[in-house]
Amino acid sequence: MTDQKNAYETRIRFKFYKKDEFKYLSHLDISRIMIRALSRAELEIRYNQGYNPKPKINFSPPTPLGVESMAEYADVLLDGDINENEFKTKVNLELKPQIQISEAKKITTKTDNLMNEVAIILYSFKLYACSSNNESLLKEFYAEVEENLTTKSDFSSSIFDLQITPGKRTSDIILLKLFGYAKIFKEENNEIFKFNSFYQFFGNWLRKYGIDIENVKKEELFVMRGSTLRTPIEVV
Amino acid sequence: MNKIKRLDCNLLERLLKDVEKPGRYINNEIGTRSKSPETIKDFYDIVFTALVFPDIYEVGMSNLGLQILYDIVNKHECFSAERVFSPWIDFEEKLRRQNVKIFSLENRIFLDSFDLIGFTVQHELLYTNVLNILDMGGININSRDRGNRFPLVCAGGPAIVNPQPFSKFMDFFVIGDGEEVVISILQRVKNYRDNNKDKQWFLKEISKLDGIYIPGFYKFYYYPDGRIKKIEPEKKVRKAVVKNLNKFEIVQDPIIPNIKAVHDRFAVEIMRGCGRGCRFCQAGIIYRPVRKREVKSLIRQSIAGIKKTGYDEISFLSLSSSDYREIKHLLDKIISSSKPGRLSVSMPSMRLDSLNLKLIELIQSGRRTGLTFAPEAGSQRMRDIINKNIEESEMLDCIKMAFSSGWERIKLYFMIGLPYEEDKDIHEIVVLIEKIIMAAKERLSKKKLPRLKINISINAFCPKPFTPFQWAAQDNTANLDSKFNYILKNVPKRYVNINWTDSRKSRIECALSRGNDMVGRVIEGAWKNGARFDNWTDFFKFQIWEEEFKKAGLDIGLFTTRNFLEDEILPWDIIDIGVSKEFLLKEYDRSKECLRNQDKI
């Protein structure tokens with residue numbers, strides 16, 4: 001393992017989003033798209049030595065199909081000395097507007113694999129409820145979120161925190177923006193938070209109050225440094 | 001021109017919820033080049049054509065022909081081509097349930113808003129998908145019931161070189177190479193539309209072009225037994241041929257699918273046509289004459305294409321790549337253009353002999369997937385009859401060399417039910433496989449032998465139009481099944497994995513490919529009773545087809561297990577494919593001669 005700086009190679013961690021139509025592409029599709037974009041940008045990815053050489057690029061844990069993400073991360077090892085801004089500009093030119101790199105930073109410290117290191121994922125849920133819903137049902141919903149969902153439900157152990165940001169009130173729809181931190185309980189069985197089961201559970205739970213999920217977005221990933229949460233870019 | 005109607009994006013969003021592989025329907029790949037109302041001033045002056053590939057996205061996007069036509073049409077300032085594929089079952093259900101018409105990927109234009117709809121049909125078992133797509137577009141499937149001037153509906157591709165079974169559905173057919181004729185057609189569509197001419201005028205105009213067959217202009221007369229008595233007029237339609245392939249550069253910036261396509265690589269056609277003359281092979285005749293691309297520009301364009309696409313695999317396509325004279329030079333140049341181990345090169349249809357094995361070693365350095373051989377038949381006698389020009393010793397030498405240099409996976413293609421086939425020929429298939437296993441035991445190390453995998457694919461022979469065997473009878477399903485079972489029972493179980501195409505599926509394929517215009521009713525009935533994706537084993541329902549043939553009063557045997565008479569008028573005689581019937585007949589006679597010569601020995 002060479003973690004010393006090598007003039008002939010550059011390790012870069014970058015953050016990118018996939019939104020609009022591209023939320024319908026799988027993790028594997030996205031990684032293939034990214035690798036080809038790098039190749040079109042004439043950036044040489046290092047390959048490992050093996051029977052079937054593979055490019056040295058690692059991605060953060062998969063985002064479920066149909067969920068937009070503002071926080072996809074990847075680590076890549078490149079040939080040559082590459083400036084991070086140049087990297088970002090060059091690759092973005094080879095990508096569609098639905099998938100673009102938002103940040104890139106050279107890795108200068110020792111880091112663990114993104115897949116293993118991510119501790120917490122922040123999802124935002126945009127909810128909507130018809131204004132014809134009675135007010136008391138909504139009040140009950142607010143109370144339940146704060147009291148029971150985070151502490152007593154099946155998924156309480158995977159919900160780190162919940163914040164509700166009430167949306168603007170239009171004539172017939174009330175938009176709610178709710179932030180749910182979904183935790184990975186890696187300490188137990190190294191298993192990644194089962195987003196789909198939570199999604200199903202949460203959808204059913206909301207239905208009791210006449211509320212539907214309109215949109216889900218992966219907002220950010222966090223890793224642990226000591227006892228604090230940091231974004232993957234902050235720690236490299 | 002009709003007002004163009006498009007699917008609203010919010011509706012698409014709702015439709016895509018809980019659909020399998022939604023990436024199939026979202027467009028926005030790198031390389032899409034259609035014109036959009038936001039960028040083109042005279043958007044509504046453009047002639048819009050839907051390029052329809054009647055199979056799922058992953059299959060359609062692997063078709064080079066589609067990419068070529070897409071490129072040519074969209075380069076033209078007056079024309080625009082948009083893609084349409086068969087939606088998968090779940091998405092179709094959703095569209096139908098919500099009364100939403102099928103739409104193109106690029107601008108989400110509903111199918112019935114196009115000026116011209118062109119189907120590229122690669123296989124007979126996709127016929128029902130074609131009808132299904134028309135119906136999902138709210139378009140009447142029968143040509144004569146389409147009263148409106150638009151959209152015009154046509155079909156091209158290898159599965160319509162005999163257009164008869166499909167003639168009642170199409171306004172016209174395009175036979176042969178599409179590169180040149182597609183623009184000629186679109187120019188006439190524009191004239192027809194802008195000057196408000198009538199449909200007969202348009203059909204007359206395009207009928208002057210090479211390769212255009214208009215079913216409405218012909219009349220077929222039949223004998224009571226179902227054979228054709230007379231076709232009027234007799235004048236044949238000459239296949240469209242691009243004389244010089246070099247005139248069209250290879251597509252260097254194709255659409256790069258966002259989801260994984262069946263063939264996910266940069267595809268380059270190096271040669272069109274094949275000079276080998278296997279007597280069962282339709283492609284070998286209908287793509288004649290042999291035309292090759294000039295090697296220098298091929299190298300330049302290939303390297304440019306790899307750079308532009310970012311693909312890590314390139315595939316050189318032709319019907320017989322080892323017959324491309326400068327193949328070694330081409331490979332050397334391409335491989336040395338990229339870093340070692342980064343680019344993999346594949347070459348289907350490579351004739352395998354010891355000479356070529358060295359080439360294959362060269363291109364697959366590092367990435368060994370497997371070797372494919374197509375002996376087609378087990379015995380030399382049978383291979384002589386079909387004119388498959390490969391000796392067993394040659395093949396075995398090559399396989400031995402492959403084992404010695406470490407290959408562990410081999411794929412073999414065989415056909416059963418060939419003309420003049422006898423039980424001993426079937427037995428010889430088993431013997432050949434045994435010989436290959438022996439060779440493996442001899443050449444592979446103890447460590448490697450357990451990893452040996454021989455995949456065998458067995459297909460039922462299906463006589464196809466425009467081949468020397470076009471007159472031959474197809475073997476009946478009971479015979480085919482017992483031949484296959486014999487192989488299955490007698491082939492060593494270890495190391496071997498056998499694949500077999502349902503013989504009843506081959507029977508329907510044969511009936512559709514050698515059918516006359518009365519078969520159209522059968523296709524329509526089968527589709528109405530739920531037949532689609534017939535090429536998918538899970539969906540193919542023989543009963544539906546059998547029932548429909550019965551209902552139409554047609555004997556399937558008339559098109560399959562019958563020897564066509566040599567002086568009989570064939571449904572596809574109306575097409576001049578570039579190879580004369582006399583030549584085909586002579587070749588058919590030669591196959592019988594092989595038989596006689598052998599009998600003398």
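**Exercise 1.** Find the order of the strands in the open sheet of chain B, and say which strands stand at its edges.

*Solution.* Start with the order: four strands of chain B, β15-β16-β17-β18, make up an open sheet with parallel pairing. Strands are DSSP runs of E with at least two residues, helices are runs of H or I with at least four, and both are numbered from the N terminus; two strands pair if DSSP finds at least two bridges between them. Next, the edges: β15 (371-376) and β18 (496-500) of chain B each have a single partner strand, so one side of each has no neighbour in the sheet.

This is a predicted model, in which local features need pLDDT of at least 70, side-chain atom pairs count only at pLDDT 80 or more, and totals for chains, interfaces and linings use all residues. Residues are numbered from 1 along each chain as its sequence is written, while chains are lettered from A and ligands numbered from 1 in the order in which they are written.

**Exercise 2.** Describe how β17(B) and β18(B) pair.

*Solution.* Strand β17 (residues 453-460) of chain B joins β18(B) in the parallel sense over five bridges. Now look across: Ser457(B) faces Asn499(B) of β18(B).

**Exercise 3.** Work out how many residues each chain brings to the contact between chains A and B.

*Solution.* Chain A gives 14 residues and chain B gives 16 residues, where contact means that C-beta atoms, placed from the backbone, lie within 7 Å. For the complex, the predictor reports an ipTM of 0.90 and a pTM of 0.93.

How values were computed
Contact = placed C-beta atoms within 7 Å.
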